[in-house]
Amino acid sequence: MLMPALVPLVAAAFLGPAAAPPIEIDYVLYDSPGSDNGSNTSLNAEYVKVVNNTTATVSLTKWTLRDTSGHVYTFPTYSLPAKGYVYIRSGKGTNSSKTLYWQQTWYVWNNTGDTAYLRDSKGTLKDTCTWNGIGSSTSC
């Protein structure tokens, strides 16, 4: 017979890895290549990749992506296809089916460490991604 204190440990060993959230922050490139000169090219090399792990299209309209400093991106009218992805780039540009632009004139993500928060249109936290500044990007 297993001791009661061991039951959670044994159960956890058989659960396997946690399933990916339906919509998640997959990747963040927080330190764009080269010097941080504030050019639009450099700003757009800083991005967050959001993926849809479901088999249905999901509306991201009015969802938000934010950092710890209070920068908030609100998704425009946008639908993320089943098993699809979208990049949210920090700089200026014209939105397309695979890339949305934050329209910022300076960097959003801190190179030394930050957290990205993804919330749905009701404000419910759907995913986070935190990094400590080692390297220039992180898989979440």
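Y73 and F75 are both buried, where buried means under 20% relative accessible area, exposed means over 50%, and partly exposed lies in between (1.4 Å probe, protein chains only). The structure is a predicted model, in which local features need pLDDT of at least 70, side-chain atom pairs count only at pLDDT 80 or more, and totals for chains, interfaces and linings use all residues. Residues are numbered from 1 along each chain as its sequence is written, and side-chain values use heavy atoms, with hydrogens and water left out.

Rings of Phe, Tyr and Trp (its six-membered ring) are taken as a pair if their centres lie within 6.5 Å; planes under 30 degrees apart count as stacked, over 60 as edge-to-face and the rest as tilted. The count under this rule is nine aromatic pairs. One of them joins Y73 and F75 in an edge-to-face arrangement, with 5.2 Å centre to centre and 75° between the planes. Y73 and F75 also belong to a cluster linked by ring pairs, together with Y30, W102, W109 and W131.

Y85 has lysines over its ring. A charge is assigned to this position if NZ of Lys or CZ of Arg is within 6 Å of the ring centre and within 35 degrees of the ring normal. K49 lies over the face of Y85 at 4.9 Å from the ring centre, and K98 lies over the face of Y85 at 4.3 Å from the ring centre.

Strands (E, at least two residues) are DSSP runs numbered from the N terminus, and two strands pair if DSSP finds at least two bridges between them. An open sheet consists of four strands in the order β5-β4-β9-β10, with antiparallel pairing. Strands β5 (72–74) and β10 stand at the edges with a single partner strand each, so one side of each has no neighbour in the sheet. Within the sheet, strand β4 (residues 64–66) pairs with strand β9 (residues 114–119) in the antiparallel sense over three bridges. R66 has Y117 in β9 as its bridge partner.

A search of the whole structure finds one disulfide, defined as a pair of cysteine sulfur atoms within 2.5 Å. The disulfide joins C129 to C140, with an S to S distance of 1.9 Å. C129 is in strand β10 (residues 125–131) and C140 is in the segment after β11 (137–139), 11 residues apart. The torsion about the S-S bond of C129 and C140 is about -75°, and the disulfide is therefore left-handed. C129 is buried at a relative accessible area of 4%, whereas C140 is partly exposed at 39% relative accessibility.
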